[in-house]
Amino acid sequence: MLLAVLFSNSDGNILVERFNGVPAEERLHWRSFLVKLGAENLKGVKNEELLVACHKSVYIVYTVLGDVNIYVVGKDEYDELALSEAIFVITSAIKDICGKPPTERLFLDKYGKICLCLDEIVWTGLLENIDKDRIKRLVRLKPPTEF
């Protein structure tokens, strides 16, 4: 299960978060842990260079894209290899939406579309869509033409 997808800026402020199967009382712990992990390890990392960590029998894959840090947390069948596939799909979608690796301002300007896209990629803790063209069709924000 994908437990969390979290986006933060370089200062550690959370921009977007999605938790699945994580009790509310543990979310604060995960937020602070991931932001601290990024603060310690993401300095000087190139765009889309993946870093991997393990904590409490869960896997964490995280990276930088422009001014945004991206964290994906999973357990069980979502090991570091599956999480690296998930983060690749997420970073590709973000670059498509923003047109380039995003600044914090550009990320927030495209916030609605990014959230829609994230919902199409990860649904209730499962990696649902990985095809770039299908994701684009699903988040067009146009009514379906066929019924």
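In which strand is the place of N69? The residue N69 sits in strand β5, where helices (H or I, at least four residues) and strands (E, at least two) are DSSP runs numbered from the N terminus. I shall return to this residue after an outline of the chain.

Good morning, colleagues. This is a predicted model, in which local features need pLDDT of at least 70 and side-chain atom pairs count only at pLDDT 80 or more, while totals for chains, interfaces and linings use all residues. Residues are numbered from 1 along each chain as its sequence is written, and side-chain values use heavy atoms, with hydrogens and water left out.

Let me begin with the overall architecture. The chain contains five helices and seven strands, and from the N terminus on its elements run β-β-α-β-β-β-α-α-α-β-β-α. Its radius of gyration is 15 Å, close to the 15 Å that the globule rule gives for 147 residues, so the chain is as compact as a globular protein of that length. That radius is taken over C-alpha atoms, and the globule rule is 2.2 Å times the number of residues to the power 0.38. Along the principal axes, the C-alpha atoms fill a box of roughly 45 × 30 × 25 Å. Of the 147 residues, 42% count as buried; buried means under 20% relative accessible area, exposed over 50%, and partly exposed in between, with a 1.4 Å probe and protein chains only.

I turn to the sheet. Five strands form an open sheet in the order β2-β1-β5-β4-β3, with antiparallel pairing; two strands pair if DSSP finds at least two bridges between them. The edge strands, each pairing on one side only, are β2 (14–19) and β3 (51–55). From one strand to the next, the twist averages 15°. Strand β1 (residues 2–9) is joined to β2 by five bridges, and the two run antiparallel. V5 has R18 in β2 as its bridge partner.

Next, the helices on this sheet. Helix α2 lies across β1, β3, β4 (58–65) and β5 (68–74), running at about 30° to β4. Such axes are lines fitted to C-alpha atoms, for helices over the stretch in contact, and angles run from 0 to 180 degrees between N-to-C directions. Helix α2 (residues 80–98) has 19 residues and reaches 26 Å from its first C-alpha to its last, close to the 27 Å expected at 1.5 Å a residue, where the expected span is 1.5 Å times one less than the number of residues. Its buried residues include L83, I87, I90, I94 and C98. G99 follows α2 and has a positive phi, near 85°.

Now the aromatic residues. A search of the whole structure finds three aromatic pairs; rings of Phe, Tyr and Trp (its six-membered ring) pair if their centres lie within 6.5 Å, and planes under 30 degrees apart count as stacked, over 60 as edge-to-face and the rest as tilted. The rings of W30 and F33 have centres 5.9 Å apart and planes at 90°, so this pair is edge-to-face. Both residues lie in helix α1 (residues 24–41), three residues apart, about one turn of the helix. W30 is buried at 7% relative accessibility, whereas F33 is partly exposed at 22%. For Y62 and Y71, the ring centres are 5.9 Å apart and the planes at 20°, so that pair is stacked. Both Y62 and Y71 are buried.

Finally, N69 again. This residue is buried, with a relative accessible area of 8%. Not counting residues up to four places away in sequence, N69 touches several residues, among them L6, F7, L42 and T63, contact meaning heavy atoms within 4.5 Å.
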